[in-house]
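Look at the model below and follow the chain with the text beside you.

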Amino acid sequence: MTTPGRLPYPVTLSGDGITLREWRDDDLDELVAMLDEPDIARWTPMPSPFDTEAGIAYLKRARQGRVSGQRIQLVITTDGVKPLGEVLLFGVDAGLREAELGYLVSAQHRRRGLAAGALSLLSAYARSTLKLSRLLLRIDPGNTASTAVARRCGYRLTGEPPILQEGPYGPSSLDTWELVSVGGGSRMERLRNVASRRYGRRG
Ligand SMILES: CC(C)(COP(=O)(O)OP(=O)(O)OC[C@H]1O[C@@H](n2cnc3c(N)ncnc32)[C@H](O)[C@@H]1OP(=O)(O)O)[C@@H](O)C(=O)NCCC(=O)NCCS
């Protein structure tokens, strides 16, 4: 990190046809269109409906979190411009060298590998540049799409007890996943990924 305890800002990351960039104020309309969506309401803590007022507050909090160096919150694009999703890194524990990551993709742009590509890019950056050794995801086991992204990127379920929470859809729990290798980098990991794609999902 550039300043101890503070995450770098601004950040741009590119690879595999994806560019991650900072949010800008003129992204407001696209942000609202992207976040006002049932799956995002169901699986993330976003307010629903997500209106312009929520969008303005969201961009403001994002800017504050970036300037203060508490989180990394980047727009997923393929052209460096149009927002197609978001990937985040937050809850950094510098002592434990751990952090949590999260992601979402606009409904019109799902199933194109954007979440997996963005998570792989940010995970690799967190490991190599931020020197964070323990990268975590917290996922409701009912969120099939998100658990598929986690597996695809080399995250595996830990044995940690589920985190119980109350939400608008009633009580739910979040499993903890941990990165084993970035993008399934090792030979063994690549083989496991291929096998899991061919023979079905593994826990
Ligand atoms: C979860 C989410 C980000 C996935 O985004 P995406 O860009 O469609 O995901 P990708 O295209 O990168 O898919 C990666 C893998 O997940 C699989 N996948 C994606 N959506 C899936 C679904 N609905 N059901 C089953 N598998 C799915 C893909 O097939 C791919 O698997 P493979 O590479 O092993 O074949 C998106 O559905 C979303 O924004 N959901 C709402 C917000 C959310 O749940 N965020 C996560 C909170 S923990």
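Arg 111 sits in the loop that links β5 (98-105) to α4 (114-128). Helices (H or I, at least four residues) and strands (E, at least two) are DSSP runs, numbered from the N terminus. The model is predicted, and local features need pLDDT of at least 70, side-chain atom pairs count only at pLDDT 80 or more, while totals for chains, interfaces and linings use all residues. Residues are numbered from 1 along each chain as its sequence is written, and side-chain values use heavy atoms, with hydrogens and water left out.

Arg 111 is not a glycine, yet its phi is positive, about 60°. Its relative accessibility is 86%, so Arg 111 counts as exposed; exposed means over 50% relative accessible area, buried under 20%, and partly exposed in between (1.4 Å probe, protein chains only). Lys 131, in the loop between α4 and β6 (134-139), also has a positive phi, near 60°, and is a residue other than glycine. Most residues other than glycine have a negative phi, and most peptide bonds are trans.

Two peptide bonds are cis. One joins Tyr 9 and Pro 10, with omega about -5°, and Pro 10 belongs to the segment before β1 (13-15). Another runs from Ser 48 to Pro 49, with omega near 0°; Pro 49 is in the loop between α2 (38-43) and α3 (52-67).

Now turn to the ligand. It is surrounded by 24 residues, and Arg 111 is among the closest, along with Val 105, Gly 113, Asn 143 and Arg 152; a residue is counted if one of its heavy atoms lies within 4 Å. This shell divides into 11 nonpolar, 5 polar and 8 charged residues. Here Ala, Val, Leu, Ile, Met, Phe, Trp, Tyr, Cys and Pro count as nonpolar, Asp, Glu, Lys and Arg as charged, and the others, Gly among them, as polar. α5 (144-152) is one of the elements that supply at least two shell residues, and α5 gives the most, with 6 residues.

A backbone N or O atom of Tyr 103 lies 2.8 Å from a ligand nitrogen atom. For Arg 152, a polar side-chain atom is 3.1 Å from a ligand oxygen atom. Taken alone, the ligand exposes 930 Å², and the protein buries 82% of that; accessible areas come from the Shrake-Rupley method with a 1.4 Å probe, and for residues only the protein chains shown count as cover.

Finally, consider the whole chain. The protein chain has 6 helices and 9 strands, and 46% of its 203 residues count as buried.

Note on methods:
A polar contact is a pair of N or O atoms within 3.5 Å; within protein, one must be able to donate a hydrogen and the other to accept it, and residues adjacent in sequence count only if both atoms are side-chain atoms.
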